[in-house]
Amino acid sequence: MLQLSGATKIYNGQTVFSNLDLSVSPGQFKVLVGPSGCGKSTLFDGLTGVMALDRGEISWKGHALAHLGRHAAYMQQKDLLLPWFSLMDNALLPARTGKMDMTRMKSRANKLFIRLGLKGYESHHPHEVSGGMRQRCALVRTLMFNRDLILLDEPLSALDAITRRRLQSLLLLLQTEFNKTILMITHDIEEALLLADEVYLLSPQPMAIKERFVLNQPKPRHFNDPDLLKIKEYMLAQLEGEPTCEAG
Ligand code: ADP
């Protein structure tokens with residue numbers, strides 16, 4: 001479905017990543033885990049056209065593209081909600097820009113508000129709700145685009161444990177019930193192991209795929225699975241041995 005080859009990005013003479021390859025198959029839930037500051041968001045920005053890669057080819061269903069554009073919905077790490085719009089109006093932005101059937105889109109948004117625990121907050125503004133609620137609203141807005149591929153950059157990072165769990169189940173549902181393909185960044189190894197069909201463990205800058213883990217365990221998964229626990233320990237050991245890139 002998506003094939004990225006030879007992706008390279010250099011900022012101020014510093015190579016963030018070079019010659020990076022990545023592929024995603026239809027219906028797959030692929031998760032990137034790596035140290036903070038190594039270049040994961042930069043990679044997503046390059047894929048979606050938020051910024052241009054210095055080199056690299058993007059192929060979508062066999063066609064070469066400059067960036068994924070309207071083929072993917074992208075939830076960036078910052079919620080990017082418009083402060084002067086209510087939560088519902090923020091969620092409906094894709095409907096307005098895409099000239100879609102507003103009645104259907106409103107009904108879809110209402111269902112997602114219920115699902116994501118935002119019911120009753122439709123007319124609140126972003127500054128009136130918690131960080132976790134803003135993040136959930138940003139997730140609703142991402143889902144409103146109704147694209148086959150969803151790119152999520154740390155979508156659950158600002159949420160408390162219970163909400164996080166609920167939304168992890170929702171993400172699984174998107175894959176299994178709605179047949180979405182998901183490429184997600186997280187720094188939470190447990191989250192990656194609960195959700196992913198495949199995990200890429202990334203090394204610090206220049207960011208590279210250090211190791212690939214294919215997870216065939218049926219979902220929903222639980223952390224009492226000894227195989228998952230073993231992989232978690234192994235991944236932690238791999239990441240602990242790495243310097244972080246925050247300073248650089
Ligand atoms: P991650 O998502 O893995 O935490 P980022 O992709 O946000 O990491 O950042 C990777 C590196 O690229 C960092 O060293 C950061 O300082 C640098 N970087 C990101 N955006 C810019 C920019 N617009 N200009 C210069 N450097 C940038």
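Ala52 is exposed, with a relative accessible area of 55%. Here exposed means over 50% relative accessible area, buried under 20%, and partly exposed in between, with a 1.4 Å probe and protein chains only. Ala52 sits in the loop between helix 1 and strand 4 (55-60). Helices (H or I, at least four residues) and strands (E, at least two) are DSSP runs, numbered from the N terminus. Lys9 is 43 residues away from Ala52 in sequence, yet the two C-alpha atoms are 8.4 Å apart in space.

The model is predicted: local features need pLDDT of at least 70, side-chain atom pairs count only at pLDDT 80 or more, and totals for chains, interfaces and linings use all residues. Residues are numbered from 1 along each chain as its sequence is written, and side-chain values use heavy atoms, with hydrogens and water left out.

The protein contains eight helices and ten strands. Its radius of gyration is 18 Å, close to the 18 Å that the globule rule gives for 248 residues, so the protein is as compact as a globular protein of that length. The radius is taken over C-alpha atoms, and the rule is 2.2 Å times the number of residues to the power 0.38. The C-alpha trace spans about 50 × 45 × 35 Å along its principal axes. Of the 248 residues, 50% are buried. The accessible surface comes to about 12000 Å², and carbon and sulfur atoms account for 51% of that. Accessible areas come from the Shrake-Rupley method with a 1.4 Å probe; for residues, only the protein chains shown count as cover. Among contacts between residues at least 6 apart in sequence, 67% join residues at least 24 apart. Contact means heavy atoms within 4.5 Å.

The ligand was examined next. Around it lie Tyr11, Val16, Pro35, Ser36, Gly37, Cys38, Gly39, Lys40, Ser41, Thr42 and Gln205. For Gly37, a backbone N or O atom lies 2.7 Å from a ligand oxygen. For Gly39, the distance from a polar backbone atom to a ligand oxygen is 2.9 Å. For Cys38, it is 3.1 Å. Taken alone, the ligand exposes 560 Å², and the protein buries 61% of that.

Helix 1 (residues 40-48) gives the most to the ligand shell, with three residues. Eight of the nine residues of helix 1 are buried, so this helix is largely enclosed by the rest of the structure. The buried residues are Lys40, Thr42, Leu43, Phe44, Asp45, Gly46, Leu47 and Thr48. Gly49 follows helix 1 and has a positive phi, near 90 degrees.

Two further buried sites were examined. Pro126 lies in the loop between helix 4 (102-115) and helix 5 (131-144). Pro126 is buried, with a relative accessible area of 6%. Residues up to four places away in sequence aside, Pro126 touches Leu81, Leu82, Pro83, Phe85, Leu87, Asn90 and Arg134. Leu81 is 45 residues from Pro126 along the chain, and their C-alpha atoms are separated by 6.9 Å. Gln168 belongs to helix 6 (residues 161-176). Gln168 is also buried, at a relative accessible area of 9%. Beyond neighbours within four places in sequence, Gln168 is in contact with Leu156, Glu191, Leu194 and Leu195.

Technical notes. Near = heavy atom within 4 Å. Polar contact = N/O pair within 3.5 Å; in protein donor to acceptor, adjacent residues only side chain to side chain.
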